[in-house]
Amino acid sequence: MYPAELVQPMRDDLGNAGFEHLYTADAVNSAINKEGTTLVVVNSVCGCAAANARPGAKMSLENAKKPDHIVTVFAGVDREAVDAARAAMIPFPPSSPSMALFKNGELVHMLERHHIEGRPAEMIAENLKEAYNENC
């Protein structure tokens, strides 16, 4: 587990953009199964989360179509919530950071760490916008 004071600024980065922080499995399952679309961001302390994932997720919301709900869990901190999110992302293996778009509880789009690491935030945002345009 990471110290709270280390993680808080990384949490705030998405929270300030309107992402709801989820801490329990019930909260994750409820969010994913809401009617409409839900973007789940598995946040982390790694450099690619700071340089690519979080900025890309925030930029993706600058689109005519966007998810009805945006939520986040924090790998290495919110174990119960992260485990529930990852269970919903099967058949994809656990990775962080990662992002998944759900529609009415069904996984419709997935970005794994290898899709994020080394790619500019703008490319991640465009990938998500395409998923929004198709599913939202």
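Reply: A crossing is left-handed if the near helix is turned anticlockwise from the far one by less than a right angle, and right-handed if clockwise. By that convention H3 passes H6 in a right-handed crossing. The model is predicted, so local features need pLDDT of at least 70 and side-chain atom pairs count only at pLDDT 80 or more, while totals for chains, interfaces and linings use all residues. Residues are numbered from 1 along each chain as its sequence is written, and side-chain values use heavy atoms, with hydrogens and water left out.

Me: What makes H3 and H6 helices, and why are they called oblique to each other?

Reply: Helices are DSSP runs of H or I with at least four residues, strands are runs of E with at least two, and both are numbered from the N terminus. Helix H3 covers residues 47–60, and helix H6 covers residues 121–135. Their packing angle is about 40 degrees, and their axes are 7 Å apart. Axes are lines fitted to C-alpha atoms, for helices over the stretch in contact, and angles run from 0 to 180 degrees between N-to-C directions. Angles under 35 degrees count as roughly parallel, over 145 as roughly antiparallel, 65 to 115 as roughly perpendicular, and the rest as oblique. H3 and H6 are therefore oblique to each other.

Me: Which residues of H3 and H6 meet, and what classes do they fall into?

Reply: Contact means heavy atoms within 4.5 Å. Among the H3 residues that meet H6 are Ala-51, Pro-55 and Met-59, and the H6 side includes Ile-124, Leu-128 and Tyr-132. By class, this contact has 10 nonpolar, 3 polar and 2 charged residues. Here Ala, Val, Leu, Ile, Met, Phe, Trp, Tyr, Cys and Pro count as nonpolar, Asp, Glu, Lys and Arg as charged, and the others, Gly among them, as polar.

Me: How do H2 and H4 pack, and at what angle?

Reply: H2 and H4 pack at about 35 degrees, with a separation of 7 Å between their axes. Their crossing is right-handed. Ala-25, Asp-26, Val-28, Asn-29 and Ile-32 in H2 meet Glu-80, Ala-81, Ala-84, Ala-85 and Ala-88 in H4. The contact of H2 with H4 holds 7 nonpolar, 1 polar and 2 charged residues.

Me: Why is Asp-78 called buried?

Reply: Buried means under 20% relative accessible area, exposed over 50%, and partly exposed in between (1.4 Å probe, protein chains only). The value for Asp-78 is 6%, so Asp-78 is buried. Its place is in the loop between strand S3 (69–74) and helix H4 (79–88). Beyond its neighbours within four places in sequence, Asp-78 is in contact with Arg-11, Leu-22, Tyr-23 and Val-73.

Me: How do you know whether Arg-11 is buried or exposed?

Reply: With a relative accessible area of 10%, Arg-11 is buried. Arg-11 lies in helix H1 (residues 4–15).

Me: What makes strands S4 and S5 a pair?

Reply: Two strands pair if DSSP finds at least two bridges between them. S4 (residues 98–103) and S5 (residues 106–111) are joined by 5 bridges and run antiparallel, so they are a pair. One of the bridges has Met-99 and its partner Leu-111 in S5. S4 and S5 form a hairpin with 2 residues between them, and Asn-104 in the turn has a positive phi of about 50 degrees. Phe-102 stands opposite Leu-107 in S5, and Phe-102 is also the bridge partner of Thr-38.

Me: Why can S4 be described as largely enclosed?

Reply: In S4, 5 of the 6 residues are buried, so this strand is largely enclosed by the rest of the structure. S2 is joined to S4 by 6 bridges, and the two run antiparallel.

Me: What is the order of the strands in the sheet, and why are S1 and S5 said to stand at the edges?

Reply: The 5 strands form an open sheet in the order S1-S3-S2-S4-S5, and the pairing is mixed. Strand S1 (20–21) and S5 each have a single partner strand, so one side of each is left without a neighbour in the sheet. S1 and S3 pair in the parallel sense over 2 bridges, and Glu-20 has Val-71 in S3 as its bridge partner. Helix H2 (residues 25–32) packs on the sheet, where it touches strand S2 (37–43), S3 and S4, and its direction makes about 140 degrees with that of S2. Helix H6 lies across S2, S4 and S5, running at about 160 degrees to S5.
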